[in-house]
Amino acid sequence: MSQIQNDAAQIIEQLNWNEAGLLPAIVQDDKTQEVLMMAYMNRESLKLSLESGETWFWSRSRGELWHKGGTSGNTQAISSIHYDCDADTLLVKVKPEGPACHTGEVSCFYRELPLGGQTAAGKPGADAEAGAAADSGRFAVLAELERIIAEREAERPEGAYTTYLFNKGVDKILKKVGEETAETIIAAKNKDNAELRLEVSDLIYHLLVLLQERKLPLDEIMAELSARHERPRRD
């Protein structure tokens, strides 16, 4: 073991790991200084990160190591790793290869809370934003489904149908979109709303899988629909 490796090993053991043997790791773009994501590292993932030069983390939900970008290709080359004054948090500066967030956003922190004391008045498009916020709960399931699909693509859990689709590739996904579209049409022609509800649900799910495969966030679809709604009517 080299002196550098020996020093690193000593520091790793001196860090204040929590009761689960984990530390939060804040990942920051080394060039822009934008915070990209937060995940957890254990001793092994930190050692792998140091040895490989790319970020490795510990998945608390799956109970296993995961290499960021190992499946998606959105790896993070490490520029430096720092630890704070309490030695209980890591700051990992990286050169990212692609977006950090599974939604396709550059950073996982792409949503913003309004600050206390702010009112809708005086903000551009405030009325529209307030209306959108009121309706957002209706479509929360779509955001959650998008998140789960992205997680399935990244983690590929064995036996999951979504894993099967991603493993088969875009042609299989497109075939399923076509099949579900046809079945939706048939249900509508049969005037069977119970069947139509099921088929439209299947179609939306497969469309979300397709969007994830193409790395096109649902937010961009919603933005396109919003832009179309705001355009002057020609009729």
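This is a predicted model: local features need pLDDT of at least 70, side-chain atom pairs count only at pLDDT 80 or more; totals for chains, interfaces and linings use all residues.
Colleague: How many helices and strands does the chain have?
Modeller: Helices (H or I, at least four residues) and strands (E, at least two) are DSSP runs, numbered from the N terminus. Along the sequence they follow the pattern α-β-β-α-β-β-β-β-α-α-α-α-α-α. The count is eight helices and six strands.

Colleague: What share of the residues count as buried?
Modeller: Buried means under 20% relative accessible area, exposed over 50%, and partly exposed in between (1.4 Å probe, protein chains only). The chain has 235 residues. The buried share is 27%.

Colleague: Among contacts between residues at least 6 apart in sequence, what percentage join residues at least 24 apart?
Modeller: Contact means heavy atoms within 4.5 Å. The value for the chain is 48%.

Colleague: What is the strand order of the open sheet?
Modeller: Two strands pair if DSSP finds at least two bridges between them. The open sheet has four strands with mixed pairing. Its edge strands, S2 (35-41) and S5 (76-83), each pair on one side only. The order is S2-S1-S6-S5.

Colleague: In which sense do S1 and S6 pair?
Modeller: Strands of a sheet pair through backbone hydrogen bonds, either parallel or antiparallel. S1 covers residues 23-29 and is joined to S6 over five bridges. Val-27 has Val-92 of S6 as its bridge partner. The sense is parallel.

Colleague: How many bridges join S1 to S2?
Modeller: S1 and S2 run antiparallel. Gln-28 is bridged to Val-35 of S2. Their hairpin has five residues between the strands, and Gln-33 takes a positive phi near 70 degrees there. The number of bridges is six.

Colleague: Which residue in the turn between S3 and S4 has a positive phi?
Modeller: S3 (residues 56-59) and S4 (residues 64-67) pair in the antiparallel sense over four bridges. Ser-59 has Glu-64 of S4 as its bridge partner. Four residues lie between the strands of this hairpin. The residue with a phi of about 65 degrees is Gly-63.

Colleague: What phi does Ala-87 have?
Modeller: Most residues other than glycine have a negative phi, and most peptide bonds are trans. Ala-87 lies in the loop between S5 and S6. At 12% relative accessibility, Ala-87 counts as buried. Its phi is positive, near 55 degrees.

Colleague: What is the relative accessible area of Lys-215?
Modeller: Lys-215 lies in the loop between H7 and H8 (218-230). Its phi is positive, near 60 degrees. Lys-215 is partly exposed, at 36%.

Colleague: How are H5 and H6 oriented to each other?
Modeller: H5 (residues 161-168) and H6 (residues 170-189) pack at about 120 degrees, with axes 5 Å apart; axes are lines fitted to C-alpha atoms, for helices over the stretch in contact, and angles run from 0 to 180 degrees between N-to-C directions. Angles under 35 degrees count as roughly parallel, over 145 as roughly antiparallel, 65 to 115 as roughly perpendicular and the rest as oblique. H5 and H6 are therefore oblique.

Colleague: Which side chain makes a polar contact with the side chain of His-206?
Modeller: His-206 lies in H7 (residues 193-213) and is buried, at 3% relative accessible area. A polar contact is a pair of N or O atoms within 3.5 Å; within protein, one must be able to donate a hydrogen and the other to accept it, and residues adjacent in sequence count only if both atoms are side-chain atoms. At 3.0 Å, the partner is Tyr-161.

Conventions
Residues are numbered from 1 along each chain as its sequence is written. Side-chain values use heavy atoms; hydrogens and water are left out.
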